Every structure is written in C-alpha cells, then in structure tokens.
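Good morning, and thank you for the time.

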Amino acid sequence: MPKKSDLRIIRTRKLIRDAFLELINQKGFTAITVQDIADTAAIGRGTFYLHYKDKYDLLDQLTEQTLTRLSDLIQPSSHFRDNTLNLEELRKMLIRVFDAIRSEQTFFKTMLSSHDTPNFNQELTKFFFNKFSLEYENLNLSEKKELPRGILISYLSSAILGVIVWWLQNGMMYASEYMAESITNLLMEGPAGLLNVDYE
C-alpha cells in the first residue's frame with residue numbers, strides 16, 4: 001500500500017498536470033508562467049519546483065511518461081509465430097492502445113490542438129517511427145518486393161498516427177474495438193483492397 005507521502009506526491013503532480021493542460025487550452029504554452037500553474041493548481045511556487053525545473057521540464061516529463069506507457073502497449077512483434085501473424089491478438093493489442101489513448105485524451109487533444117507546444121508533433125511522429133522500426137527489427141522479416149525499409153516504416157507509422165489523430169480530433173466517435181478492427185483491415189488489405197476500384 002502506498003505511503004501517505006507517495007500519495008501526496010501523486011496528488012500534487014496530478015494537480016499540476018491538470019492545471020498545466022487547462023492553461024495550455026486557455027492561453028497557449030508560450031504565455032504560461034510557473035506562477036500561473038501554481039495558482040491554478042492551488043499550490044505554492046516552491047511546491048512546483050520540488051517536482052519540476054520549469055514548464056519545459058514539466059512538458060518533457062508528461063510527454064515522456066505518456067509515450068512510454070503507450071510504447072509498452074505497442075508490441076506487434078509479439079503476435080508473430082513462425083512468420084504468421086495472429087490477427088486476434090493484434091486486434092486485442094490495438095484495443096488496449098486506443099483505450100489508453102482515450103484515458104489520456106485530455107493530454108493528447110491539448111498537445112495536438114496547441115500551435116505553440118514545442119516539438120510535440122515531431123516527438124509523436126518520431127516516437128511512432130522509432131517504435132515501428134524496433135518492432136520490425138524484432139520480426140526479422142524479408143520483404144516480398146524491393147522497397148527501402150525506411151519508406152515502409154514511415155508509411156505504416158504515419159498512417160496509424162494519422163488515424164489516431166483523426167479519431168481524437170473527431171471526438172473519438174468510434175469505440176476502441178471498431179478502431180482496432182479498422183486498422184487491422186487497413187494493415188492486412190491496404191487502401192486499394194478496401195476501395196471498390198479496379199486497376200490495371
């Protein structure tokens with residue numbers, strides 16, 4: 001059972017986090033001061049500095065913590081056996097990913113909608129590219145057609161990130177299960193396979 005001091009730290013950091021995200025939505029990241037965060041969180045400036053160096057450190061830590069939790073869930077290589085992908089396990093993994101994003105929706109929506117949050121979009125793009133690169137390495141697959149690996153990884157990571165961003169920006173109108181099924185279909189059939197078109 002957590003100690004009272006640990007619970008106090010968790011509660012204080014949550015107050016700071018909530019205040020920070022609220023202020024970004026209200027004023028934008030650039031205009032926020034540490035005093036603003038402390039006032040909104042109803043804590044002293046000294047209490048803020050016990051946990052974070054400044055607002056940039058706060059942003060970095062929140063981003064790293066959130067993406068680390070997401071990274072722990074994204075493990076598609078663990079669903080391959082003898083070069084065969086277990087689609088049901090892949091769907092379950094994607095459901096967990098979308099559920100995790102939903103639970104962190106305030107953070108993601110705020111970061112994605114803010115135009116002055118330093119490097120967040122770049123960090124998110126880099127995160128997905130690096131994660132997919134690592135998973136690809138773990139699979140040790142051979143390509144059917146000659147295609148630079150970087151192009152394939154960039155396509156997959158950007159496509160999935162784009163779907164996630166669209167989902168968040170459109171009020172997460174579909175359930176995690178539906179989104180997981182949609183991405184699985186896109187991965188397995190590709191855009192051409194899902195469109196009612198013929199091609200030569």
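I will take the fold, the core, the salt bridges and a surface patch in turn.

The model is predicted, so local features need pLDDT of at least 70 and side-chain atom pairs count only at pLDDT 80 or more, while totals for chains, interfaces and linings use all residues. Residues are numbered from 1 along each chain as its sequence is written, and side-chain values use heavy atoms, leaving out hydrogens and water.

To begin with the fold, the protein has nine helices and two strands; helices (H or I, at least four residues) and strands (E, at least two) are DSSP runs, numbered from the N terminus. Their order from the N terminus is α-α-α-α-β-β-α-α-α-α-α. The C-alpha trace spans about 65 × 40 × 30 Å along its principal axes. Of the 200 residues, 36% are buried, where buried means under 20% relative accessible area, exposed over 50%, and partly exposed in between, with a 1.4 Å probe and protein chains only.

The largest nonpolar core contains 49 residues, and Phe20, Ile37, Leu70 and Phe128 have the most contacts inside it. Such a core is a set of buried Ala, Val, Leu, Ile, Met, Phe, Trp, Tyr and Cys residues joined through side-chain atoms within 4.5 Å. Among the elements giving two or more residues to this core are helix H1 (4-27), helix H4 (55-73) and helix H7 (120-139). Leaving aside residues up to four places away in sequence, phenylalanine 20 touches Phe29, Ile32, Ile37, Lys55, Leu58, Leu59 and Leu62; contact means heavy atoms within 4.5 Å.

How many salt bridges does a search of the whole structure find? The search returns 10, each being a side-chain nitrogen of Lys or Arg within 4 Å of a carboxyl oxygen of Asp or Glu. Within helix H1, lysine 14 and aspartate 18 are four residues apart, about one turn, and their side chains meet at 2.7 Å, N to O. Aspartate 36 pairs with lysine 27 at 2.8 Å; aspartate 36 is buried at 18% relative accessible area, whereas lysine 27 is partly exposed at 40%. Arg17, Arg69 and Glu104 are linked in a network of salt bridges.

Finally, the surface. Trp166, Met173, Tyr174 and Tyr178 form a nonpolar patch there, with about 420 Å² of accessible area together. Patches are made of residues with over 30% relative accessible area and no salt bridge, like charges being joined within 9 Å and nonpolar side chains (Val, Leu, Ile, Met, Phe, Trp, Tyr) within 5 Å. Areas come from the Shrake-Rupley method with a 1.4 Å probe; for residues, only the protein chains shown count as cover. Methionine 173 lies in the loop between helix H8 (149-169) and helix H9 (176-194), and is partly exposed at 47%.
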